[in-house]
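Student: I have a structure open and would like to learn how to read it feature by feature. Could you walk me through it?

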Amino acid sequence: MPRTLAAFALLSLSLCCGSASAAPDRVEFTETTLKNGLRVQLAPDSTAPVIALHIAYDVGSKDERKGLTGFAHLFEHMMFKGSENVGDGEHFYQIFTSGGVMNGTTSPDMTNYYETLPANQLEMALFLEADRMRSLEITQEKLDNQRHAVQEERRLRIDNQPYGRSFERLGELLYDNFAYKHSTIGSMEDLNAASIEDVDEFFKTYYAPNNAVLSLVGDFEPDEAMRLIRKYFEPIPRQPEPPRVDLKEPQQTAERRETISDPLARLPHAFIVYKTVPGNTPDQYALEVLGSVLFGGDSSRLYQKLNKELELVAGIGGFVDERIGTGSLRISATMRPGREIKDMEAALYEEIERIQREPIAAWELEKAKNSTRYGYYSAIRGTQSRAMLLGAFTIKFNDPNLINTRMQKVEAVTAADVQRVARQYLRERNRTVLITMPAAAATAGL
Amino acid sequence: MTKNLKWIVYTAALVPLLCLGQTPAAPGQAEPESISQVELKGKVPVNPETLRVKLPRPQEAVLSNGLRVYLLEDRKLPTFAMYFVVKGGGLADPPDKRGVAMVTASLLREGTKERTSREIAEQLATLGSSMSASASPSSGESGISVSGLSDNLDATLAIVADVLRHPTFPQTELDKFKARFASQLQYQRSLPGFIAQEQFLSAIYGEHPGSLIVPPEDAIAALTSKDLAAYHARIYRPNNTFLLAHGDVSLKDLTAKLERALGGWEKGAIPDTKLPDLSPPTKARVFIVDRPGSVQTSLRIGALGIERKSEDYFAMVVTNHILGGGPASRLFMNLREDKGYTYGASSTFTGSTFPGFVAAVTDVRTEVTEGAMRELMKELERLAKEPVGKSELENAKRALVGRFALSLDSPQALLSNLATQKIYGFPDDYWDTYPQHIDAITAKDIQRVAQKYYAPDRLQFVAVGDAGAVREILEQYGTVASPSGSKE
């Protein structure tokens, strides 16, 4: 019988900042584990005639070994190339022909597959996902074909874009542990080296029901959906527990700094990145608020100071990268023509010192909390993103109910917390700076 | 704002680079299909029935000052979204003041009689509200989009009203904007997709504002605070504007709040916008932009298309869907799935009050440019020469009609459809009858549309990449012309 999480979910509601509105603002769901270990989450919602199915596999580029970088993502492409009862290309075809949308993505921590369809196509969605989980058809020809597609993806996103290589180099410079040190897209050499045996082994190891989470959201009848899920997924055999990679990252002891040149760039650029903490930890939530103060929109300190007032940068933004393992607070600054990186850095560090010295303003804390609330509502509005959040929180932090509790974790952050994490993590010895300078080829024409 | 490098996620299918919102707007990624290279095993339990849905009709009201309000009330979550559509975007720019619509919109938030730029930014952010305004040089409207928590609707509206009604366009802020804009443009012009699109539009539209993604730099440099104030006074009038709203509010409450905030906004004489003349190219031309360091060729192949109200519209929707509407379309299946030339290949079309364009788009590694061109041209020719097969056509229609169900899950898609209906003056049942129009399209219609708009002698070819390596390949498709801005 489904183990209900609704009771637990209700408990935490009392902690929530009561909105004056009567609109429900939480996601009710149930979770069941099938005999073969597949975790199944159902969140029925009949407000739109749509279903979203999301399958998350507990594997990402962090699980790749040396010599096989890019493999998790290459494998994700193979999942669209057919299985015992689904032809090559048929997955795309059936979903789009029925008016649905779909995709698959690979990140360092997770690989996911999802489709959103008119509600009367629920059985099709389940059939398509189950068939490829059970019986992927792997051939040399298909592998070679998708190797090309992935290599083109690499060219499109990295090799042919200004600063494309910088993204990749940043990971290499920032991390010591190979799991996060190498890029998800992988190297051309490793992509060329991937063999059909590798594909086969990867499938058996990681694409097992006991290594996956199925989340279904939308307009369905729960008993009928559960019956279909059992019918299609339960016969898929369990596999031995996959090996887990050690994500432990050694303490950084000194600033890391490197300058690379980029023939496609026109303006100098810098990544300034501070190593932080593993995700879903109290400090993570304080870091999210810190991020909002530093680079959340045009009211943020960095935009106001470095872009608007000092006119040093053409653009400045940031991102608090949350991972299963050690994450980071990342700042990305594109310089204005003729401005110096060192002046930008000096101004940036002054802003950081100010946050370490003086508590943030009350309005800044309120901004972070209100924008978190708004962002949360936006994230749970669509069936697809609701399914995605359930699956991702389960894979990454083994807690699907984070979909309902995360907002309160941000609500609990105080100005003192923000100051504390700023002091603790935004330190020089914890910093990685990657500077990209335009190479002569691109600037010659200006 | 904080325009910057995007963080990358790797995905199985590429969202078309020229995502210009064909209707019906559907949320999510890409769409369509084709039957050409797909292997169908006949085992998948597909429900043959297309779920026919009715899109919600908005509640309507008119404020005392003439502002029309359309509301999709939705109590699911305590949020709201509003979209003000002001008629007169870049198309209303006087020819000697190109860019005035865009810069006016960009400067709205940079200071009012009551608030400085910084105060506006901080006050909105504190509420958890967002407000942005934009007008592209080729758009017929300026758009102001506002969203936030419904608890903070009143406080947000007070700021929005101030920004809409009393912007002061401070000279210092204008100077700062110009410098910011120029430096951001440098970044954009290092992106192959941006370069290719600028070149392609310039090839299709020449001097017409349809050619502009951004206004000419010298035109922006010449704009004064007075120009913006004059444009604002002329165009930003309640009787020249309508408001689309969605969310956790009743029409009665919303109207009362709007009357309070915007009731004093004065009507004005509605200006006529005269569309500039359009003289499309009369022969096939090739534009090659050398981009040192490129490892791919970014290709755009297309021609002048149709207006949004064209009688060819529905035939074009189906044609585009079959040719390159998504990961199961002919272009994708051929160039990516069969040949492995590219990560994505797609087609697109646009169209507003003036004719849009049709285009096939792909980025391929330099070495396979020749093969990619051959296959692209083969697919265009096939569409014009051979009638589309029965099942391919039927399935395209199923896909296009089936997508409506998904729009009910996306306020953005519903608002976008509503905007289209109001902007072009379509009847209230426009989206209800849309499926019938799609159903009526025949294989002959598709062939006719393909022959007409993708005729080889009107195609413009743009290639951005290693010019030395691709010049000979491209030359055979048309007269080689100098790219615009080729001083670079």
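Student: How far apart are the C-alpha centres of domain 1 of chain A and domain 2 of chain A?

Tutor: Keep in mind that this is a predicted model. In it, the C-alpha centres of domain 1 and domain 2 of chain A are 28 Å apart. Domain 1 covers 29-233 and domain 2 covers 256-443.

Student: And how many residues of the two domains of chain A are in contact?

Tutor: On the domain 1 side of chain A there are 36 residues, which are in contact with 30 residues of domain 2. Several elements of chain A each give at least two residues to that side of domain 1, among them strand 3 (39-44), strand 4 (50-57) and helix 6 (164-174). By class, the domain 1 side splits into 21 nonpolar, eight polar and seven charged residues.

Student: Which domains does chain B have, and where do they run?

Tutor: Chain B is divided into domain 1 (59-262) and domain 2 (285-481). Their C-alpha centres lie 30 Å apart. Domain 1 of chain B brings 21 residues to the contact, and domain 2 of chain B brings 25.

Student: Which element gives the largest share of the domain 1 side in chain B?

Tutor: That is helix 5 of chain B, with nine residues. Strand 3 (68-73), strand 4 (79-87) and strand 7 (241-247) of chain B also give two or more residues each, as does helix 5 (192-205). The classes on this side of domain 1 of chain B are 13 nonpolar, six polar and two charged residues.

Student: Now to helix packing. What describes two packed helices?

Tutor: The general idea is to give the angle between the axes and the distance between them. For helix 5 (residues 140-159) and helix 6 of chain A, the angle is about 95 degrees and the axes are 6 Å apart. Angles of 65 to 115 degrees count as roughly perpendicular, so helix 5 and helix 6 of chain A are roughly perpendicular to each other.

Student: Which residues make the contact between these two helices?

Tutor: Helix 5 of chain A contributes R157(A), I158(A) and D159(A), while helix 6 of chain A contributes G164(A), R165(A), F167(A) and E168(A). By class, that contact has two nonpolar, one polar and four charged residues.

Student: What does the radius of gyration say about chain A?

Tutor: Start with the make-up of the chain: 18 helices and 12 strands in chain A. The radius of gyration of chain A is 23 Å, close to the 22 Å from the globule rule for 446 residues, so chain A is as compact as a globular protein of that length. Its C-alpha trace spans about 65 × 55 × 40 Å along the principal axes. Of the 446 residues, 57% count as buried. Among contacts in chain A with a separation of 6 or more, 81% are between residues 24 or more positions apart.

Student: How is the size of an interface often given?

Tutor: Often as the accessible area lost when the parts come together. For the two chains here, we can look at residue counts instead: 96 residues of chain A are in contact with 88 residues of chain B. The chain A side has 37 nonpolar, 40 polar and 19 charged residues.

Student: Let me try a single residue. Is L149(B) buried or exposed?

Tutor: A residue counts as buried if 20 or more other C-beta atoms lie within 10 Å of its own. L149(B) has 25 within that distance, so L149(B) is buried. L149(B) lies in strand 6 (residues 141-149) of chain B. Leaving out residues up to four places away in sequence, L149(B) touches N370(A), R373(A) and Y374(A), as well as P78(B), T79(B) and G128(B).

Student: What is the phi of N280(A)?

Tutor: Phi of N280(A) is positive, about 55 degrees, although N280(A) is not a glycine. N280(A) sits in the loop between strand 9 (269-278) and helix 11 (282-295) of chain A. With 19 C-beta neighbours inside 10 Å, N280(A) counts as partly exposed.

Student: Where can I find E311(A)?

Tutor: Look in the loop between helix 12 (301-309) and strand 10 (313-321) of chain A. E311(A) is another residue other than glycine with a positive phi, near 55 degrees. E311(A) is partly exposed, with 15 other C-beta atoms within 10 Å.

Definitions and conventions. Residues numbered from 1 in each chain as written. Chains lettered and ligands numbered in written order. Predicted model: local features only at pLDDT ≥ 70, side-chain atom pairs only at ≥ 80, totals over all residues. Domains from an automatic or database assignment. Contact = placed C-beta atoms within 7 Å. Helix = DSSP H or I, 4+ residues; strand = E, 2+ residues; numbered from the N terminus. Nonpolar A, V, L, I, M, F, W, Y, C, P; charged D, E, K, R; others polar. Axes fitted to C-alpha atoms, helices over the stretch in contact; angles between N-to-C directions. Parallel < 35°, antiparallel > 145°, perpendicular 65-115°, else oblique. Rg over C-alpha atoms; globule rule 2.2 N^0.38 Å. Buried ≥ 20, exposed ≤ 12 C-beta atoms within 10 Å, placed from the backbone.
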